[in-house]
Amino acid sequence: MPLFSYRALDPAGQSESGQLEALSEPDAYRKLRERGLQPSKVLMADAGGAGGGTAGKKKHGTSAIPVLVTGELPRLTRQQLLFFTEELAELLDAGLQLEGALKVIEERQERSPVKVVAARLRQQVREGVGFSTALRNCGRSFDPLYCNLVAAGEAAGALPQILRRQCAHLEMVGELGKKVTSALVYPAIVFSSAILLMFIFLTFLVPQLSVLLGKSGQKLPVITQTLISVSLFCAHWWWAILAFLGALVTGLRLAVATPAGIVWWHRTQLDIPVVGPVLRARFHAELTQNFSTLVSNGVTLLAAMELMRGATGNVYLKGLLKEATDMVREGGSLAMALRKTGFFPPVLLDILAVGEQTGDLSGSLGRASKRYDRELSVRIQILTTLIQPAVILIVALFVGVVAYSMISGILSSVNALRVR
């Protein structure tokens, strides 16, 4: 009988690996689930059969999935991904099994990359591969957050609920993108016009103005002298400015690519004015909603925390959840563990403490998720409302300073001529 290597989570959320004998990969998955384990990876370690032959062992981490649909899969757009997620959630809610639901999507008449992706997913699911693992094998259409949340839904037996939550998230991201784009159209035109105007000022008008004002022999205001100096510097050293900006951008990208740099950047994002509160509210809303779904469907608290940590894209927040998970594993309460991280708001901690004391943690998490959903909507509205006036104000301030410096120099020279 073939031998399979596996990696799985036990009911306490601890990672476990080992080997077992099974007739096939689906049979191995079934045996692991019968033991109360949540398998994340199953690979054939020894293909020896009745004939006595043995196949070479596969390296750990390589895929044992036979790919029947060849070629690179197309990448789904956000709208196509939303359609796929909505359709799959509706079909699962209607009572279809996962393979049957994927088959319905695959056999739709319209031509779409969704059909190709559904076909690849269905082939892998038929081989007994977990749905989240199949999603990871489908290229860049499904990001790590999507795959990890689906893994959480599989573990909780709440895949339709998780998919509906993903639909809400994709719709929210799409609406936010549309609002930001519409809010930036007019400021972008104004900003581009201002850049063109500044280029004309610094390239043509300011040099001529400096020659004219120099003939007056009058000492110019400081702001006018500064403008002329900037104009001359840009005219002579434009190549150095471009090289410096290129080196700066490259250096920042290389710094952020390091582990410490990624943590710093993800932490800094949460502190950016206006944008930071939106990211925080989004994290709190997703965390509480998905926690509620997992706990209410029988997933242990530790396993739910491990799944949520894997589903968090922000490296800094992932580290905080790891700290909290370790404290809960040592016997601490969830509210106390999150409080010690120093990141979560007191209101959320109080709600969780009440839920733990009353034994209704999933209900408390559900109420908290509604609260942060409302807060997220308010934060997004504030963000889109402030973008347009903020950009226009910056452009107006920039142009105003240049215009004031030029007018000040002209008036100073005119006054000097009057005195003479």
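Student: How much accessible surface does the chain have, and what share belongs to carbon and sulfur atoms?
Tutor: About 23100 Å², with 62% belonging to carbon and sulfur atoms (Shrake-Rupley method, 1.4 Å probe; for residues, only the protein chains shown count as cover). Bear in mind that this is a predicted model, where local features need pLDDT of at least 70 and side-chain atom pairs pLDDT 80 or more, while totals for chains, interfaces and linings use all residues. Numbering runs from 1 along each chain as its sequence is written, and side-chain values use heavy atoms, without hydrogens and water.

Student: OK, how many helices and strands in the chain?
Tutor: 15 helices and 3 strands, taken as DSSP runs numbered from the N terminus (helices H or I, at least four residues; strands E, at least two).

Student: What share of the residues is buried?
Tutor: 39% of the 420, where buried means under 20% relative accessible area, exposed means over 50%, and partly exposed is in between (1.4 Å probe, protein chains only).

Student: Where is the kink in α8 centred?
Tutor: On W237, with an angle of about 80° between axes fitted to the seven residues ending there and the seven starting there.

Student: Which salt bridge partner does R379 have?
Tutor: E375, at 3.8 Å from N to O. They sit 4 residues apart in α15, so about one helical turn separates them. R379 is partly exposed at 32%, and E375 is partly exposed at 27%. Elsewhere, salt bridges with shared partners link E306, R309, K322, D326 and R329 into one network.

Student: What does R339 pair with?
Tutor: D350, in a salt bridge of 4.0 Å, N to O. R339 is in α13 (residues 334-341) and D350 in α14 (residues 346-358), so the pair ties together parts 11 residues apart in sequence.

Student: And D271?
Tutor: D271 bridges to R267, with the closest N and O atoms 2.9 Å apart. D271 is partly exposed at 47% relative accessibility.

Methods
A salt bridge is a side-chain nitrogen of Lys or Arg within 4 Å of a carboxyl oxygen of Asp or Glu.
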